[in-house]
Amino acid sequence: TKLGHIILPVDSRKNIYLICKESIHNAIKYSQASEISMTVRLKDDLLDISIEDNGLGFDINTIHKGNGLNNMEKRAGELGGRFSLISAPFRGTKIEFTYNLIH
């Protein structure tokens, strides 16, 4: 299956778009990164999206999660997807979202 041949329900498309938008917005606004990359992969029926920056990063155990991070996790949950956040001070941040296209 190619990405261009996938037809998703409107609510799924909207939530995936908003997860990506918020991830990129946060990286631009807070990370002070010189590079931000987005990778989209399709393997079998799994759509895997990764957004990574080389910015300041943060300690995920002490950070106050604002609306953006909470909303991304909530949206992923609504889709039945998996959301993960990987970050460390001065090591950048990576957000991964995996979504099974076939439920």
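What follows is a short chat about the labels.

Modeller: First, this is a predicted model, where local features need pLDDT of at least 70, side-chain atom pairs count only at pLDDT 80 or more, and totals for chains, interfaces and linings use all residues. Residues are numbered from 1 along each chain as its sequence is written, and side-chain values use heavy atoms, with hydrogens and water left out.

Biologist: Why is N26 called buried?

Modeller: Buried means under 20% relative accessible area (exposed is over 50%, partly exposed in between; 1.4 Å probe, protein chains only). N26 has 15% relative accessibility, so N26 counts as buried.

Biologist: And what does N26 touch?

Modeller: Leaving out residues up to four places away in sequence, N26 touches S31, L69 and M72; contact means heavy atoms within 4.5 Å.

Biologist: What puts the buried residues of helix 2 on the same side?

Modeller: Those residues are G68, L69, M72, A76 and L79. They cover an arc of only 100 degrees around the axis, so they sit on the same side of helix 2; the arc is that of the directions from the helix axis to the C-beta atoms. On the other side, N67 and K74 are exposed.

Biologist: What makes strand 1 and strand 3 edge strands?

Modeller: Four strands form an open, antiparallel sheet in the order 1-2-4-3. Strand 1 (36-43) and strand 3 each have a single partner strand, so one side of each has no neighbour in the sheet. Two strands pair if DSSP finds at least two bridges between them; strand 2 and strand 4 have eight.

Definitions and conventions
Helix = DSSP H or I, 4+ residues; strand = E, 2+ residues; numbered from the N terminus.
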